[in-house]
Every structure is written in C-alpha cells, then in structure tokens.
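I opened a new page for this structure. The entries are in the order in which I looked things up.

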Amino acid sequence: MWALMSLLLTSVAQAAIPNAMLRGMHSLPKISVPERSRTSLNGTALPPITTVYHFDQLIDHNNAELGTFQQRYWMNWEFYEPGGPIVLMTPGEGNADGFEAYTTNETVSGLIAQQQNGAAIIIEHRFFGYSNPYDNLTSQSLALLTIQQAIDDLVYFATTADLPMPGGDAVKPGQAPWILIGGSYSGALTSWTMVNKPGIFWAGYASSGVVEAITDYYDYFTPIREFMPQNCSSDVEAVISYLDDMYAVGDTAGIQTLKETFGLGDIVHVGDFAAALQSNLFDWQSLQPDVGPGAMFFQFCDALEVKDGVSAGPQGWGLDNAIYSWGNFWNTTYYDYVCGDEGAETCLGTYNTSQPYWTNVTVNNSNRSWFWMVCNQVGWYQIGPPECEPAIVSRILELSYSQRQCVNMFPQAFSYPPQPTTAETNAMYGGWDVDIPRLFFANGLRDPWREATVSAYGLNKPNIPSRPIYEGDGFHCTDLVVRNGIVDATVAAVQEAGLMYMKEWLAEWKPSA
C-alpha cells in the first residue's frame with residue numbers, strides 16, 4: 001500500500017512573519033507534486049490539478065439577500081467511479097494555492113479517494129487567499145469571518161455545488177457519500193461541522209484537530225519541551241529563568257545587556273524581546289519525521305549544545321555558555337532568517353501601530369484574517385506557563401501581551417483587549433466532548449498543538465470504533481502526508497487505520513435521494 005512516492009516535503013515558511021504570536025499559527029505541511037497528465041479510469045484526459053474552479057458562495061448564510069462571492073476550489077477525479085465518495089478538504093487559515101497535492105494520492109485525502117473510487121476537492125476558506133466576500137479585510141468585512149459561517153460554507157457547497165466532472169450535478173449528500181477531512185484548524189472545523197450539521201457528511205477525518213478552544217494556550221510548548229533534546233531544553237530554561245528573574249526585580253540594565261548579546265538591543269519593550277526568543281521554539285512546528293539535522297530548530301539546538309564536536313550532557317553547558325551561544329546564533333544566523341534587512345524594533349516590535357503590518361487591509365493577508373478568529377473565538381494565545389511548571393518561554397508573556405495586539409490590529413472593533421469567546425465556542429461545537437459517529441481522529445505525540453486535540457494529556461478520551469482516536473509519534477498533521485508513513489511506522493499505522501475505517505463506514509452508506 002505504501003509505495004514510495006516521489007514528493008518533496010516543504011515546511012511552511014514562517015520566518016517572514018515578524019509577530020511571534022503568528023509564527024505559531026496552525027499550518028498544514030505543503031507538498032509539491034510534479035505536474036503530470038492525468039486521466040480518468042475510462043481513459044479520458046483530465047484538467048491539470050492546478051485548475052481553479054469557482055463556486056457562488058453565500059456572503060452571509062443568515063442573509064441570502066446580500067448575494068454571493070466567488071469561492072475557489074480545486075478538484076481531481078482520476079479515481080472516480082459513479083457511486084464513489086466526494087472527499088472535501090479545506091486547508092483552513094491560508095491561501096489554498098499550493099495545496100492541490102491534497103487531491104492526489106500523495107496524501108491521505110487522495111488515498112481515501114483512490115481506495116474508494118472517489119473524487120477529491122480542496123476548497124479555500126472564506127477570507128483567506130482570494131475567496132473573499134468583500135474586497136478588503138476591514139473589521140466591518142471580517143464580521144462575517146466566523147466558525148459558523150465557515151461551517152455553513154462547507155454545507156452549502158456540498159448541498160448545492162454542481163461539480164465539473166461528468167455526473168457532477170448528481171452527487172449531493174444523499175446521492176453520494178461525502179467525507180470531510182482537515183488538519184489543524186481545518187481538522188477542528190471537520191469535527192465542529194459534523195457536530196453542528198450532522199447528516200451532511202457521512203464520515204470525517206481530523207488530523208491534529210484542535211477541537212478545544214483555549215484562551216491561555218501555554219501548553220503549546222509542552223510537547224516541545226518534552227521531546228526536544230534535553231540538553232537544549234535545560235539551557236533554554238536557564239536563559240529564560242535568568243531573564244524572568246531580572247524582570248521580577250526590575251533590573252533594566254541587565255535586561256538591556258542580555259538584549260544586546262542577542263543583537264536585539266534596539267527592541268524597546270521587554271515583552272517583544274521575550275517573544276523574539278520564542279521564535280526559535282516555533283520552528284519545531286515545521287518538523288516532520290523525514291526532516292534532517294539541517295532543520296532550523298536543530299541548527300538552534302546544535303548551536304547551544306555542541307562545542308568542538310562534543311555535545312553537552314542532559315543538563316546542558318550552563319547559563320553563561322547558553323547566553324553566549326544563543327546570542328551568537330541570533331547574530332550569525334537567525335536574525336537574518338527572521339528579519340532580513342529590517343531593524344530589530346521594526347521587525348519584532350509590536351507597539352508601533354502605524355506599521356503596515358497592523359494597517360494593511362488588502363485581501364490575501366492570512367495573518368490578519370487568522371488574527372481576527374484568534375481574537376474573537378478561539379484564543380490559543382501561546383504565552384508563558386504558570387509558576388508551577390518548567391518554562392522554556394518567558395512568563396513575561398502574559399495574556400495581556402497578546403490581547404493588546406488585537407486592539408493594534410482592529411482598533412475599529414476593539415477599544416480594549418477582548419476576551420475570545422472560547423467557552424461559547426466549545427459549548428456550541430463540542431470541543432473535547434465531541435461524540436459524533438464516523439469521525440476519525442489522528443494525532444501526533446510530538447505535535448505542539450496536541451494539548452488542544454482529543455489526545456490531550458490527562459483527557460483520556462476513549463478510543464471507540466464509532467469515533468476512533470489514533471496517535472503516532474508524528475508532529476503536526478504528519479499523518480496527512482503519505483511519505484511520512486514510509487519514514488515512521490507509527491504514522492503508517494495511523495494512516496492505515498484511517499483508511500480501514502473509511503472503507504468500513506462507506507460500506508454502510510445507503511442513498512437517501
């Protein structure tokens with residue numbers, strides 16, 4: 001089953017995002033697939049998988065009189081036979097260009113289509129990329145960017161779209177089984193949709209689905225601390241403790257000296273400096289099982305822990321060396337990676353609200369659109385941990401640091417830092433309490449988003465046949481990419497289980513229309 005596929009895994013580049021809060025943004029692994037001609041099972045030549053189709057989506061599902069907008073989607077029906085399922089996926093919070101491979105058998109969504117003789121679709125999320133109800137991303141326009149509107153988009157597409165393949169006008173739910181699949185936020189959206197609109201999608205597959213909205217999501221860093229090299233975590237903790245201790249006693253001179261050691265002396269506010277140090281840890285999210293020692297996260301740990309070819313023991317080399325080595329890594333490698341030619345305050349500061357970063361309201365600005373959802377409904381602020389827990393990020397980073405930036409970005413909407421409605425989100429869409437049949441959860445032990453999934457530590461949610469939960473040793477959305485199963489047998493086991501359940505559940509489907 002797992003024949004080696006020739007694809008190139010490319011991590012989502014986050015280095016160009018100056019705001020550390022968004023460098024920990026959810027993201028699916030992008031893969032590139034060499035373009036080739038494709039034919040249907042009867043030998044008919046098919047359009048390239050990069051062909052863009054458009055669907056007339058409702059601007060507001062609560063007010064159809066507002067009209068429609070053009071929602072982009074991509075489709076591949078090379079394995080389709082009449083009666084097969086329609087596999088629908090959105091990449092979620094980003095421009096969908098470049099995710100066309102998720103319609104192919106290089107990915108789990110495409111494998112499901114191949115196994116079940118189905119068709120695979122990628123649809124762009126409203127207010128991301130070029131699927132926009134309005135031609136701007138002002139607060140007024142973004143009022144229609146909600147979880148419910150996104151759910152209703154998926155349902156309206158499934159129930160009304162006439163697909164471009166032969167017979168594509170007769171595959172609505174009831175005429176054909178639909179499978180909803182997603183990863184990360186879109187994995188949560190899969191779960192939330194099946195809870196909120198049962199009966200539309202026959203089955204679902206949620207990879208790294210962050211089903212629980214959490215305001216103070218300090219546990220983002222827990223799997224990182226658990227699974228990063230222990231010597232590296234020891235030295236990072238030492239530097240962070242040193243910074244926090246100076247902050248606690250008001251040692252501004254000592255903090256300035258530390259900033260200058262990192263080449264960040266021009267950063268005005270200590271919170272922005274603490275957030276800059278977070279950046280090295282966010283690189284963990286781009287790791288996958290086939291990533292080698294050249295990955296930026298491992299470069300960072302090697303810079304701290306390898307001296308003259310010798311690696312430090314579990315306790316690291318100690319504070320003095322950690323400060324020097326971490327600072328040197330920023331000066332020689334990391335600053336250019338993150339900021340390029342920009343000055344430190346321009347690149348990493350979050351207080352100058354006149355910068356285009358805060359004021360740009362043009363479309364195809366995923367950071368701004370995602371910020372809106374974070375500030376309003378889901379939270380997931382990646383802050384420092386409570387005093388009772390080890391800290392690889394500074395406790396200077398409190399909720400107020402992140403929530404203040406919502407006012408920066410959306411002053412017309414917020415006159416003071418807003419509290420996201422996480423309790424309401426979880427109550428409405430199930431959160432960790434999701435209990436919907438034919439929904440497969442796939443998670444990764446080393447995923448920084450693990451603690452917002454149904455595999456969160458201590459949750460102990462049972463794995464039952466009607467709602468299976470499988471966890472491999474992978475990272476974020478690792479199981480979605482076929483090649484990762486070739487590299488890691490635990491990931492392959494998750495993928496195989498997902499395919500098995502899809503086959504069983506689809507065998508139970510009966511047409512109702």
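These notes cover a sheet, a loop residue, some helices and some aromatic rings.

Entry 1, the model. I noted before anything else that this is a predicted model.

I looked up the strand order and found an open sheet of eight strands, running 3-4-6-5-7-8-13-14 with mixed pairing. Strand 3 (53-58) and strand 14 are the edge strands, and each of them pairs on one side only. Strands of a sheet pair through backbone hydrogen bonds, either parallel or antiparallel. Opposite Ile 86 stands Ala 119 of strand 6.

Which strands does helix 18 touch? Helix 18 (residues 489-507) packs on the sheet and touches strand 7 (178-183), strand 8 (203-207), strand 13 (439-444) and strand 14. The direction of helix 18 makes about 175° with that of strand 13.

I placed His 476 in the loop between strand 14 (469-472) and helix 17 (482-487). Is His 476 buried or exposed? His 476 has a relative accessible area of 1%, so I put it down as buried. The side chains of His 476 and Ser 184 are joined by a polar contact of 2.7 Å.

I checked the length of helix 5 (residues 185-196): at 1.5 Å a residue, its 12 residues should span 16 Å, and the end C-alpha atoms are 16 Å apart, which agrees. Helix 5 is mostly covered, with 10 of its 12 residues buried. I listed some of the buried ones, among them Gly 187, Leu 189 and Met 194.

Entry 6, aromatic rings. I found 40 aromatic pairs in the structure. The rings of Tyr 185 and Trp 192 have centres 6.2 Å apart and planes at 65°, so I recorded the pair as edge-to-face. Tyr 185 and Trp 192 are both buried. Trp 330 and Tyr 334 also form an edge-to-face pair, at 5.0 Å centre to centre and 70° between the planes. Because Trp 330 and Tyr 334 are four residues apart in helix 11 (residues 319-339), about one helical turn separates them. Trp 330 is buried, as is Tyr 334. I then followed the ring pairs and reached a cluster whose members include Phe 262, Trp 284, Trp 330, Tyr 334 and Phe 475.

Conventions:
Residues numbered from 1 in each chain as written. Predicted model: local features only at pLDDT ≥ 70, side-chain atom pairs only at ≥ 80, totals over all residues. Heavy atoms only, no water. Helix = DSSP H or I, 4+ residues; strand = E, 2+ residues; numbered from the N terminus. Buried < 20%, exposed > 50% of the residue type's maximum accessible area, 1.4 Å probe, protein only. Polar contact = N/O pair within 3.5 Å; in protein donor to acceptor, adjacent residues only side chain to side chain. Pairing = 2+ DSSP bridges. Contact = heavy atoms within 4.5 Å. Axes fitted to C-alpha atoms, helices over the stretch in contact; angles between N-to-C directions. Expected span 1.5 Å × (residues − 1). Phe/Tyr/Trp six-rings, centres within 6.5 Å; stacked < 30°, edge-to-face > 60°.
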